[in-house]
Amino acid sequence: MKFHVPLIDIAPYANDGEDSLARADTAEALAQACREVGFVQILGHGVPDSVLAALASAMDGFFSQPSEYKRCYRAAPEINRGYAPPHSESLSLSLGIGTPAAADYFEAFNVGTAASDFPGLELPAQVYAENLWPQPVAGFDDRQFRGAVETYFAEAGRVARILTRIFADALGVDAGVFERVSDHSVDVLRMNHYALPPGTAADGPDPVGMGAHTDYGIVTVLWADPVPGLQVLGGDSVWHDVQPAPGALLVNLGDLTARWTHDRWRSTLHRVIPPVVDGRIVRRRSAAYFHDGNIDARIETIPSCLAAGEAAYPPITVGEHLAAKLAGSRAGQPNREAGSEAERLRAARDD
Ligand SMILES: O=C(O)CCC(=O)C(=O)O
Ligand SMILES: [Fe+2]
């Protein structure tokens, strides 16, 4: 079965246009992709090329610094901010797969929504942690970095919210269903850099860029370099290469949306393998914006997603759900709740 990542134009929503037929087409296309794949590419998102170029150059500026400098921006493991060196995580542990801890070779820099963004609300400081902005150093423009990252963070957040407006229409529910759970959403941008030591053989042992996982929250907006590396597990249990079309952003559904829709929509397993171009492993960059919802929001199955007599998942808060997932990927403790995804992964073939 050929794997196809649908390419959807979200301009009818992004431009706030009045064309209800065009909107209906967009919502229907997205609904179908969410049911079948849980992974799409979007055009018409309105993020300027210049914003993406500035983000890429900000990432280069930081990741090209010496390791001792980058490690100054490490947070405590339970805080999803700042620098994560290579081999500090093993994403597939979140699915209960027994890979060695710290297998993944990506390095990352994380920024997210902080408690100070929401004055007047009492929010847990660990989840809504302040950002760790890197200080200037020769050859690194800290102001360019912060400006570019903050600008892209706002743009990606805007796109994530447009997507949830389309989700609401696609599911036939009021837009408020999503808005009510995201006015102080836990949103994190993970900027990923995949680089192996120069000269690593493309035909050598198989290092893991980022282990197989599903994303945890509502929806992820993913910018990625147009090179290979990202793979998605299809319904045929085969890993398929995914590369964004020119100008497109990738979008994947998170586990919370799968649960919310009683698995009518899917959160797709994905992973990153070393990207090989012309027989050589190349560097790769990506930036994943996770839109996870308010920590205290209660997620209950959307009634229209249930067949008559079908039992819904018990309600869960975003906080409870994220804690279960994060505990798995960080502490080296397989997450026992993620059984069915782990089974799909075990059945996967590397064709
Ligand atoms: O690098 C990629 O394309 C994927 C990144 C990813 O899946 C993540 O950060 O969760
Ligand atoms: Fe991911």
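## Before you start

Residues are numbered from 1 along each chain as its sequence is written, while chains are lettered from A and ligands numbered from 1 in the order in which they are written. In this predicted model, local features need pLDDT of at least 70 and side-chain atom pairs count only at pLDDT 80 or more, while totals for chains, interfaces and linings use all residues.

## The sheet

Let's begin with the strands (DSSP runs of E, at least two residues; helices are runs of H or I, at least four; both are numbered from the N terminus). Eight of them form an open, mixed sheet in the order 1-2-10-7-14-5-4-3, where two strands pair if DSSP finds at least two bridges between them. Strand 1 (7-9) and strand 3 (82-84) stand at the edges with a single partner strand each, so one side of each is left without a neighbour in the sheet.

Strand 1 pairs with strand 2 (residues 39-43) in the parallel sense, over three bridges. Leu-7 has Gln-41 in strand 2 as its bridge partner.

In helix 3, Val-51, Ala-54, Leu-55, Ala-58, Gly-61 and Phe-62 meet residues of helix 5, including Phe-145, Ala-148 and Tyr-152; contact puts C-beta atoms, placed from the backbone, within 7 Å.

Notes:
Two residues are in contact if their C-beta atoms, placed from the backbone, lie within 7 Å.
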